[in-house]
Amino acid sequence: MQRLNDDVTAFNHLTDRTQTDRIEHAYASAQEYKEALEALRRNTGAERSKPQRTLESEVARSEEVEQEVQEELYPEPWELNNTARSEVELLFFNRVPKVGSQTFMELLRRLAIRNQFGFHRDAVQRVETIRLAPADQQVLVSLVSAHTPPASYIKHVCYTNFTRFGYPSPIYVNVVRDPVERVISWYYYIRAPWYYVERKRAFPDLPLPDPAWLKKDFETCVLSGDRECRYLEGETHEGIGDHRRQTLFFCGHDPQCTPFNSLEALQRAKRVVEQQYAVVGVLEDMNSTLLAFERYIPRFFQGSLRLYWELNTFNRINRNAFKPPVSEAVKQIVRANFTREIEFYEFCKQRLYMQLKALRDTSITLPATTSNLPHIQNNYYNYNHV
């Protein structure tokens, strides 16, 4: 029997799990929506710079986003609001690695106190399994669903369909990042000295890595054709600690989601985002991301925009001072192999900006979730014009 391909931490290799025949329905984006996105890219193709780390920049940045988008190309706002389609006040953040998710965990922890909801996260594991067999998916779903609403749960894991196992659908959220910047960040993250100190402290019997591997820089890795930095399309066996496939966290657990830079994984990931995720934020535009979280999911994120920028310690969470700069020439070499991962990232950005545009239309009122209490319903209906 084949083994289920797992992503693991830098100290661990693949774990043995049994493959099953259960397959998710194949997803494909609606043609009309695809055409709208392509038109949007032609009209708003300019790269957006990283946000200023100040609260004052939020207003100016939001105005820029509003000016950059074309009103007539947006789908109906109801198509962009999956929060109202959730069946329980349970926020499920299946966080992608190296997209500022440590920051969002701290943000959610503080918001849980402020907005009075439960905060829960997966425990640190020796082997961090990203893809799960169906039996393990069911265990995860039952564990998450056991928390009393309103509650949040955070874990590095692929998109998991709760309704398939007979549980109410939660509010799905996540954040994405430029795929090449993200893979560079991951490359140096798993080589950082403090990373190994933390891992050895948690698991003393773990072996230390090869010093030559630790000292290998990303540019040399790419230019020398090292297997670790080749990023071959269709590759499914990555070996140790590889998190190159951002689409995997949205596509799901099936084998069709594992080949790197594949068309089917891209299509599935897009469709899942369209149909299931309330908000998928973008690390490079935190102002827009926080604004969308706060307005589409106010029960959990009310006050998050101001809180995020007020907490200066967030800027140092998981920041790797050992990551050297990488030349644009090397980045372009890598980008040539990340075409569909980049397309997915651009897709998520455009969806985020469409959501913000919908919020700026004063004629739109977002509905409450089906199970909300009256005071929570008021939070959804009482939107101020941005």
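pLDDT is the predictor's confidence in each residue, on a scale from 0 to 100. That is a handy place to begin, since the structure above is a predicted model, in which local features need pLDDT of at least 70 and side-chain atom pairs count only at pLDDT 80 or more, while totals for chains, interfaces and linings use all residues. Residues are numbered from 1 along each chain as its sequence is written, and side-chain values use heavy atoms, with hydrogens and water left out.

**Confidence along the chain**

pLDDT stays under 50 over residues 65–74, a stretch for which the model has 25 contacts beyond four places in sequence, a contact being heavy atoms within 4.5 Å. Residues 1–30 also stay under 50, and here the model has 101 contacts beyond four places in sequence. Where pLDDT is low, the predicted coordinates should not be read in detail. Averaged over the protein chain, pLDDT is 75, and 66% of the residues score at least 70.

**The overall fold**

The protein chain has 16 helices and five strands; these are DSSP runs numbered from the N terminus, with helices (H or I) of at least four residues and strands (E) of at least two. Of its 386 residues, 56% are buried. Buried here means under 20% relative accessible area, with exposed over 50% and partly exposed in between (1.4 Å probe, protein chains only). Among contacts between residues at least 6 apart in sequence, 80% join residues at least 24 apart.

**Helices that pack together**

Two packed helices are described by the angle between their axes and the distance between the axes. The axes are lines fitted to C-alpha atoms over the stretch in contact, and the angles run from 0 to 180 degrees between N-to-C directions. Angles under 35 degrees count as roughly parallel, over 145 as roughly antiparallel, 65 to 115 as roughly perpendicular and the rest as oblique.

| Helix pair | Crossing angle | Axis distance |
|---|---|---|
| H10 (residues 263–276) and H15 | about 15 degrees | 10 Å |
| H11 (residues 286–296) and H15 (residues 339–359) | roughly 55 degrees | within 10 Å |
| H5 (residues 179–189) and H14 (residues 328–335) | roughly 110 degrees | within 10 Å |

Let's take H10 and H15: at an angle of about 15 degrees, H10 is roughly parallel to H15. H10 passes H15 in a right-handed crossing; the crossing is right-handed if the near helix is turned clockwise from the far one by less than a right angle, and left-handed if anticlockwise. The contact is formed by Leu263, Leu266, Ala269, Lys270, Val273 and Glu274 of H10 with Arg340, Glu343, Phe344, Phe347, Cys348 and Arg351 of H15. By class, that gives seven nonpolar, no polar and five charged residues, where Ala, Val, Leu, Ile, Met, Phe, Trp, Tyr, Cys and Pro count as nonpolar, Asp, Glu, Lys and Arg as charged, and the others, Gly among them, as polar.

H11 and H15 are oblique to each other, and H11 passes H15 in a left-handed crossing. On the H11 side the contact uses Ser288, Thr289, Leu291, Ala292, Arg295 and Tyr296, and on the H15 side Leu352, Tyr353, Gln355, Leu356, Ala358 and Leu359. These residues divide into eight nonpolar, three polar and one charged. Leucine 359, in helix H15, is buried at a relative accessible area of 13%. Leucine 359 and leucine 291 lie 68 residues apart in sequence, with their C-alpha atoms 9.7 Å apart in space.

H5 and H14 are roughly perpendicular to each other. Here Val180, Glu181 and Ile184 in H5 meet Lys331, Val334 and Arg335 in H14, a contact of three nonpolar, no polar and three charged residues.

**Details in the loops**

Most residues other than glycine have a negative phi, and most peptide bonds are trans. Tyrosine 231, in the loop between helix H8 (218–223) and helix H9 (248–251), has a positive phi of about 50 degrees although it is not a glycine; tyrosine 231 is buried, with a relative accessible area of 3%. Asparagine 261 sits in the loop between H9 and H10 and has a positive phi of about 60 degrees. At 2% relative accessibility, asparagine 261 counts as buried.

A cis peptide bond joins proline 149 and proline 150, with omega about -5 degrees. Proline 150 lies in the loop between H4 and strand E3 (151–154). Alanine 133 is in the loop between strand E2 (118–121) and helix H4 (134–145) and is buried, with a relative accessible area of 10%. Alanine 133 is 121 residues from aspartate 254 in sequence, and the two are 8.6 Å apart in space, C-alpha to C-alpha.
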